Amino acid sequence: IEYKFTFANMKDGLASKFCNVVSAASNEATTEQVRKRLGHEGLLSKRASVRYADTIGAKKAQDQPEVPVSAGEVLAEMPVAGY
């Protein structure tokens, strides 16, 4: 996936700060994936808030349907208004 961002003011250094933060987050995610693949999940030193967010994300992922829901299925579940 490729994203393109446009910054209105290049003089304030916001674009370079943004790129640095995105790069750091990408490196952390890559490191986490490699540790999981190698079976070293227990060695991850995450903050409590990140661990909590991962737990919530995993629970929400389990709640999702295995097959995408179509518009017809959504409409079929809606109550019909009595006119």
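**Fold.** I began with the secondary structure of this predicted model. I found three helices and zero strands in the protein. Reading along the sequence, I wrote the pattern down as α-α-α. Next I looked up the radius of gyration: it is 21 Å, well over the 12 Å that the globule rule gives for 83 residues, so the protein is more spread out than a compact globule. I also noted the extent of the C-alpha trace, which is about 60 × 45 × 25 Å along the principal axes.

**Surface.** How many of the 83 residues count as buried, as a percentage? I got 4% for the protein. For the accessible surface I have about 8000 Å², and carbon and sulfur atoms account for 58% of that.

**Charges.** I then turned to the charged side chains. My tally is 11 positive and 10 negative ones, with 11 Å between the centres of the two sets.

**Aromatic rings.** A friendly reminder to myself: a pair of aromatic rings is described by the distance of the centres and the angle of the planes. I came to a count of three aromatic pairs. One of them joins Tyr3 and Phe5, at 6.5 Å centre to centre and with 35 degrees between the planes. Why is this pair tilted? Its 35 degrees falls between the limits, because planes under 30 degrees apart count as stacked and those over 60 as edge-to-face. I checked how open the two residues are as well. Tyr3 has a relative accessible area of 62% and is exposed; Phe5 is at 54%, so Phe5 counts as exposed too, the cut-off being over 50%. Stepping back, I noted that Tyr3 and Phe5 belong to one aromatic cluster with Phe7 and Phe18.

**Helix H1.** Here I wanted to compare length with expectation. H1 covers residues 14-37, and its 24 residues should span 34 Å at 1.5 Å a residue; the end C-alpha atoms are 35 Å apart, which agrees. After H1 comes Gly39, and I noted its positive phi, near 85 degrees.

**Ser49.** My last entry is on a single residue. Where does Ser49 lie? I placed Ser49 in helix H2, which runs over residues 48-63. Is Ser49 buried or exposed? Its relative accessibility is 52%, so Ser49 counts as exposed. Finally, I looked up Ser49 against Ala15: the two are 34 residues apart along the chain, and 27 Å separates their C-alpha atoms.

Note on methods. Residues numbered from 1 in each chain as written. Predicted model: local features only at pLDDT ≥ 70, side-chain atom pairs only at ≥ 80, totals over all residues. Heavy atoms only, no water. Helix = DSSP H or I, 4+ residues; strand = E, 2+ residues; numbered from the N terminus. Rg over C-alpha atoms; globule rule 2.2 N^0.38 Å. Buried < 20%, exposed > 50% of the residue type's maximum accessible area, 1.4 Å probe, protein only. Areas by Shrake-Rupley, 256 points an atom, 1.4 Å probe, with all protein chains shown as cover. Lys, Arg positive; Asp, Glu negative; His and termini not counted. Charge placed at Lys NZ, Arg CZ, Asp CG, Glu CD. Phe/Tyr/Trp six-rings, centres within 6.5 Å; stacked < 30°, edge-to-face > 60°. Expected span 1.5 Å × (residues − 1).
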